[in-house]
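This report walks through one model, from its overall make-up to single side chains. Please keep the sequence and the structure in view while reading.

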Amino acid sequence: MVEEVVGVVAAVGAGALVYLAAAARVVKQYERGLVFRLGRLHGDVRLPGFNLIVPGVERLRKVNMQIVTMPVPAQEGISRDNVTVRVDAVVYFKVVDPSAAIINVEDYRFAVSQMAQTSLRSIIGKSELDDLLSNREKLNQGLELMIDSPAVEWGVTIDRVEIKDVSLPDTMKRSMARQAEADRERRARLINADAEYQASKKLAQAARQMADTPSALQLRLLQTVMAVAAEKNSTLVLPIPVELLRFLERGAQPASERSGLAESPGLAESPGPAESSGQGDGPGHAGAAERAEITERAAGLADQAGEALEKLRRAVEQ
C-alpha cells in the first residue's frame, strides 16, 4: 500500500515537473512577451522575468525592445539640379508598442527598410546637390519625418536617420575640383593684390620720410650691404647712391656749357669784354678758372668714391 502511494506521488511529481518545464518561459530585460491563446492575443504584455503559459494552448511571442541599427542600401537617383548621385543612409529605430508591431504588420523590420529606401529616393529627387553635400542635417530631419509617419501605426518609432555617404560620378568630381581650385586661385590673387597695395602705401610713406632726411637713405643702404655681406656671397652688387651721381652731374655741367659756348659761331666771333678792353685778367677768365676748379674737385670726389667702393668690396670679400 505504501509503495503504491509512493509511486503515485512520484508520478504526480514527475508530471508536475514536465508540465512546469513545458509551461515555463523566461523573458529577458530588453524583451517583452505577448501571449496568444488559440491564436488570439490574451492578457497584457508580459514583463521581463519568469512567466507561465498553458502548454499546447498558449504561445509566447517575444519582442525585442532595443534600438535597431538598420543600414539602408545605396539608392541611385537624379537630384533636383539633374545630377546623378548615389546615396546610402542608416536608420535607428525601436519598438514602443509590441502588440502593434506584431499584429499590425507582418515584418516590421522589412517594412521599415522598404519605407527608408523609398523615402531616401524621394529625398534625392527633391534636393539639390549642394544640399546633399553640405545641408545634411535638414535632409536627415525630413527623412526621419517621412519614415516615422507610417511607422507609428506599426508600433515603431524612428530614433534618428543619418545620410552616410554621397557618391558622385568621376566627371562631376573633376568639375567640382576645378571649381574649388579656381575659387582658391581667385582668393589668393585678391590677397596678394591687397598685400601689394598695403606695401605700396608703406613704401610711399618711407620714401617721403627719407626725402626729408637724406641720411636715412644712406643708413638704409649700409644696412642692406651688411645684410648681403652676412650671407658670405662671392659676388656683392653695391648700388651707387643717386645723390653722388647728381653731384657729379652738377660738377660736369659747367665744362659742357663752356665747350658749348666755345663751339657757338656767334659767340666766337663776338669780342668779349677782355678782348675789347685788352685786359687778360677780366671777369670772364675768373669764371672759367672757378669752373675748372669745380670740375677738378668733382673728379677728385669721384676718385675718392671709387677708392671707398673698392675698400668696401675688399672688406666684404674678407
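A salt bridge here is a side-chain nitrogen of Lys or Arg within 4 Å of a carboxyl oxygen of Asp or Glu. By that criterion the side chains of E185 and R189 meet in a salt bridge, with 3.4 Å from N to O.

## Basis of the model

The model is predicted, so that local features need pLDDT of at least 70 and side-chain atom pairs count only at pLDDT 80 or more, whereas totals for chains, interfaces and linings use all residues. Residues are numbered from 1 along each chain as its sequence is written, and side-chain values use heavy atoms, with hydrogens and water left out.

## The chain as a whole

The protein chain holds eleven helices and eight strands, where helices (H or I, at least four residues) and strands (E, at least two) are DSSP runs numbered from the N terminus. Of its 318 residues, 21% are buried; buried means under 20% relative accessible area, exposed means over 50%, and partly exposed lies in between, with a 1.4 Å probe and protein chains only.

Among contacts (heavy atoms within 4.5 Å) between residues at least 6 apart in sequence, 65% join residues at least 24 apart.

## A three-stranded sheet

Three strands form an open, antiparallel sheet in the order β3-β2-β5, two strands being counted as paired if DSSP finds at least two bridges between them. The edge strands are β3 (40–46) and β5, each of which pairs on one side only. From one strand to the next the twist averages 25°, with axes taken as lines fitted to C-alpha atoms (for helices over the stretch in contact) and angles running from 0 to 180 degrees between N-to-C directions.

Strand β2 (residues 31–37) is joined to β5 by seven bridges, and one of the partner pairs is R32 with V63 in β5. On the β3 side, four bridges join β2 to β3, and G33 stands opposite R46 in β3. Strands of a sheet pair through backbone hydrogen bonds, either parallel or antiparallel.

The side chains of R37 and E58 also meet, in a salt bridge of 2.3 Å from N to O. Because R37 lies in strand β2 and E58 in strand β5, this pair ties together parts that are 21 residues apart in sequence. R37 is partly exposed at 35% relative accessible area, whereas E58, at 9%, counts as buried.

## Loops with positive phi

Most residues other than glycine have a negative phi. L38, which sits in the loop between β2 and β3, has a positive phi near 55°, and the hairpin of these two strands has two residues between them. L38 counts as exposed because its relative accessibility is 72%. A positive phi of about 60° is also found at N82, in the loop between β6 (68–78) and β7 (84–95), and N82 is exposed at 65%.

L38 also contributes, with Y19, V54 and V57, to a nonpolar surface patch of about 380 Å². Patches are made of residues with over 30% relative accessible area and no salt bridge, like charges being joined within 9 Å and nonpolar side chains (Val, Leu, Ile, Met, Phe, Trp, Tyr) within 5 Å. V57 lies in the loop between β4 (49–52) and β5 (58–64) and is partly exposed at 34%.

S119 belongs to helix α3 (residues 108–126), and its relative accessibility of 3% makes it buried.

In helix α6 (residues 170–212), R187 and D183 are four residues apart and therefore separated by about one helical turn; their side chains meet in a salt bridge at 3.4 Å, N to O. R187 is partly exposed at 41%, and D183 is partly exposed at 30%. E185 and R189 are likewise four residues apart in helix α6, about one helical turn, with E185 partly exposed at 41% and R189 exposed at 59%. Salt bridges that share partners join D183, R186 and R187 into one network. The whole structure contains six salt bridges.

How values were computed:
Accessible areas come from the Shrake-Rupley method with a 1.4 Å probe; for residues, only the protein chains shown count as cover.
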